[in-house]
Amino acid sequence: MAKPKVAFYWCASCGGCEEAIVDLHEDILKVAELVDIVFWPCAMDFKTNDVKNMQDNEINVCFINGAIRTDEQVEMAHLLRKKAQIIVSFGSCSQLGGIPGLANFWDKESIFASSYGGRCPSVNNPDGVVPQEISEVPEGELTLPAFHNTVKTTDQVIDVDYYLPGCSPAPYLTMRAINTILSGDLPPKGTVLAPNKALCEVCSRNETKPEKLSIDRVNRVSLVDVDPEKCFLAQGIICMGPVTRSGCNGEADGRCVAANMPCRGCYGPTTEVHDVGAKMIAALASVVGLDGEENMSETAVQKLLDQIVDPAGTFYRFSLAKSYFRRKIMTDPKEEK
C-alpha cells in the first residue's frame, strides 16, 4: 500500500515553523516511515514544477506555514490547494497573520522606505533603490514576486481544512495532528488542532490571582522583578493568557509562563473569543484602576492607560491580520490586494 503523500511549504514567516518540524527529533523518522514527503523546499530539492506535474488531490496533506504577502505565495497557496486533499494552516502566521501581520499598520511604500530608504540608518542607499518587480540586466530580464500592501492569513486566500496554532506549534501537537490525519478519524473541518481551553485555565499561577483583580500600575516585564509563582496580571504585567488557547506546553503552564514570561498570545483564541485584542482590551478595562476608580480623574485614568506601551502591538501581536480591524485603512482602496 502506497504511503500517504505529505507536503510542507513556507510563506511569510521567520522559519520557526520549519524548525518545529525538525524539532520532532527522532519522531521525524517515524513520520518518514509513515509518509512520503513529496514537497518540502526548505529541506529538500523540490521545484515548483514538481508540484505542477502532480495530479489534482495527489498530495494527502499539505502543511502551509507563514502569512501570504507576495504574488508567489498566492500562486503557491492556490497550487497546493489544488494538489492537496487536506490543507493545514500551520502556525500563528498562517492562521492569524502572526508577526508579519503587524505590517498591516503600514503600506508597501512606507515599508520599503523604512527598510531600504533614508529611514533606515544602517542602509547606504542614497538613490533610494527599492526591490523592483522587473529589472533589466545585460543577461536579460529579472523578475521578483509582487509585494502586496496587505498581509493575509492562509484562509483569506484559499480554503483551509484545519489549523495548528502556535509560534511555533509544539512538536507534540504536530505529531498528534499528523497521526490524527493519517488515522482517517478526522475532526470537523475548521477545527483548531489544540486544546480549546484558555491558558489561564491550566496555569499554575491562576490560584494566586485575586478574586477581585485590580491593577493600579501597568508594569513592563523587563523593568520589574517578576515573582515566578504569582499571576502576571496580579503583578500589573499584561499576560494574554485569559484570551489565548492553551496547549503550547501540554496541560502544564505555557512555554513562556514556565520561563517566567507572560503569555504573548501566539496560540490564538479559543472558540469563545472572536477577536483576541478586543477581548483582552475588554478584560483589562474591567480591572485597570478598579479600586478607587470612582475617585479617579480623566487625567489619572489616561496616565494609567499610557503605561501600556505599544497597545496595538501588545494586543494584536499575532492576530492583526485576522482581527476585526485587519489593517490600517488604505488611502487609496485600489492599492489593496
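The lining of the second largest pocket comprises six nonpolar, eight polar and four charged residues. In this classification, Ala, Val, Leu, Ile, Met, Phe, Trp, Tyr, Cys and Pro count as nonpolar, Asp, Glu, Lys and Arg as charged, and the others, Gly among them, as polar. The volume of the second largest pocket is about 310 Å³. Of the 18 residues that line this pocket, Gln 95, Leu 96, Val 192, Pro 269 and Lys 322 are the closest to its centre.

The structure is a predicted model, in which local features need pLDDT of at least 70 and side-chain atom pairs count only at pLDDT 80 or more, while totals for chains, interfaces and linings use all residues. Residues are numbered from 1 along each chain as its sequence is written, and side-chain values use heavy atoms, with hydrogens and water left out.

**Pockets and cavities**

Rolling a probe the size of a water molecule over the atoms shows where empty space is left. On a 1 Å grid over the protein atoms alone, a cavity is a set of points where a 1.4 Å probe fits but cannot get out, whereas a pocket is an open set with protein on both sides within 12 Å along at least five of seven lines; lining residues have an atom within 4 Å of a point. Grid points are joined across faces, edges and corners, and a volume is the space filled by probe spheres set on the points.

| Space | Volume | Lining by class |
|---|---|---|
| Largest pocket | about 380 Å³ | ten nonpolar, five polar, four charged |
| Largest cavity | about 110 Å³ | nine nonpolar, two polar, two charged |
| Second largest cavity | about 40 Å³ | six nonpolar, one polar, one charged |

Among the 19 lining residues of the largest pocket, Arg 220, Val 221, Ile 238, Thr 314 and Arg 317 are the closest to its centre.

Two cavities of 30 Å³ or more are counted. The largest cavity is lined by 13 residues, of which Cys 200, Cys 203, Cys 231, Phe 232 and Cys 239 are the closest to its centre. For the second largest cavity, helix 1 supplies the largest share of the lining, three residues. Helices (H or I, at least four residues) and strands (E, at least two) are DSSP runs, numbered from the N terminus.

**Cysteines**

The whole structure contains zero disulfides, a disulfide being a pair of cysteine sulfur atoms within 2.5 Å. The sulfur of Cys 62 is too far for a bond, because the closest cysteine sulfur, in Cys 11, is 8.9 Å away. Cys 256 is also in no disulfide, with the sulfur of Cys 266 the nearest at 6.3 Å.
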